[in-house]
Amino acid sequence: MKLAVTNLDGKKAGDIELNDAVFGIEDIRGDLLARVVNWQLAKRRAGTHKVQTRNENSRTGKKMYKQKGTGGARHGSRRAPQFVGGSRAFGPIVRDHGFSLPKKVRALALRHALSSKAKAGELVVVSDLSVKEAKTSALRATFGKLGWDKALIIAGPEVDAGFGLAARNIPHIDVLPNAGLNVYDILRANKLVLTKAAVEAIEARFSEKEAA
């Protein structure tokens, strides 16, 4: 699969041959993408919600009334969940919402996410991402001309300091190094922008896994 390479000025800077095993999958599996997105979002949940249990409730622990002779049900404490001001039964507790997902599933879903962008014409490859001056206004104007209104930009092994500084306050623009590439951010962006170095690193990453 061949794709044109551009630069930040919008001018063509050659072509690049993309690996079809990574960027050319035709039958995109939505079930895989959904599994990985749910896995990512579950890991982000704080899990700090909690209710008071009976031993933490500040109400008195004294027996409400005598055991026998009242004609009513037997109760031992007003902390029970059926009473106003009592504890909640089976309420949320502090826990980790994350769950495990096989590495092969995550890797396959990443390939399908990359291929979905290439198939939809939403994949852009640029020669490099560096700016002379870290000016947010200038970079925002550049993105406007290129049509990058909501984009995930993978800048290579490291993000250029000036480019990262200029882009960090632009809404709906995420700039990440290669290590930050993930399914959720790919799918929610309208454009996926990769540098040539990022493409090479991604293809090398998957070729190493296939060799292993």
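Tutor: Let us begin with pairing: two strands count as paired if DSSP finds at least two bridges between them. Please keep in mind throughout that this is a predicted model. As a case, valine 124 has valine 193 of strand 6 as its bridge partner.

Student: In which sense do strand 3 and strand 6 pair, and over how many bridges?

Tutor: Strand 3, residues 123-126, pairs with strand 6 in the parallel sense, and four bridges connect the two.

Student: Which residue stands opposite isoleucine 153 in strand 6?

Tutor: Isoleucine 153 stands opposite valine 193, the residue that is also the bridge partner of valine 124. Strand 4, residues 151-154, runs parallel to strand 6 and is joined to it by four bridges.

Student: How many bridges join strand 1 to strand 3?

Tutor: Two bridges join strand 1, residues 2-6, to strand 3, and these strands run parallel; threonine 6 has valine 126 of strand 3 as its bridge partner.

Student: Why can strand 6 be called largely enclosed by the rest of the structure?

Tutor: The reasoning rests on burial, which means under 20% relative accessible area. Four of the five residues of strand 6, residues 191-195, are buried, so the strand is largely enclosed by the rest of the structure. In strand 3, Leu123 and Val125 point one way while Val124 and Val126 point the other way, and all of them are buried.

Student: Which residues of helix 2 are buried, and what covers them?

Tutor: The buried residues of helix 2 are Leu32, Leu33, Val36, Val37, Trp39, Gln40 and Ala42, and their cover includes helix 3 and helix 6, the latter at 183-188. Helix 2 itself, with 15 residues, reaches 21 Å from its first C-alpha to its last, close to the 21 Å expected at 1.5 Å a residue.

Student: How should I read a pocket, and what lines the largest pocket here?

Tutor: Rolling a probe the size of a water molecule over the atoms shows where empty space is left. In this model, the largest pocket has a volume of about 270 Å³. Its lining comprises 12 residues, of which Trp39, Arg106, Ala107, Leu110 and Arg205 are the closest to its centre. The elements that give two or more residues to this lining are helix 2 (30-44), helix 3 (103-119) and helix 7 (196-211), and helix 3 gives the most, with four residues. By class, the lining has six nonpolar, two polar and four charged residues.

Terms used
Residues are numbered from 1 along each chain as its sequence is written. This is a predicted model: local features need pLDDT of at least 70, side-chain atom pairs count only at pLDDT 80 or more; totals for chains, interfaces and linings use all residues. Side-chain values use heavy atoms; hydrogens and water are left out. On a 1 Å grid over the protein atoms alone, a cavity is a set of points where a 1.4 Å probe fits but cannot get out, and a pocket is an open set with protein on both sides within 12 Å along at least five of seven lines; lining residues have an atom within 4 Å of a point. Grid points are joined across faces, edges and corners, and a volume is the space filled by probe spheres set on the points. Ala, Val, Leu, Ile, Met, Phe, Trp, Tyr, Cys and Pro count as nonpolar, Asp, Glu, Lys and Arg as charged, and the others, Gly among them, as polar. The expected span of a helix is 1.5 Å times one less than its number of residues. Buried means under 20% relative accessible area, exposed over 50%, partly exposed in between (1.4 Å probe, protein chains only). Contact means heavy atoms within 4.5 Å.
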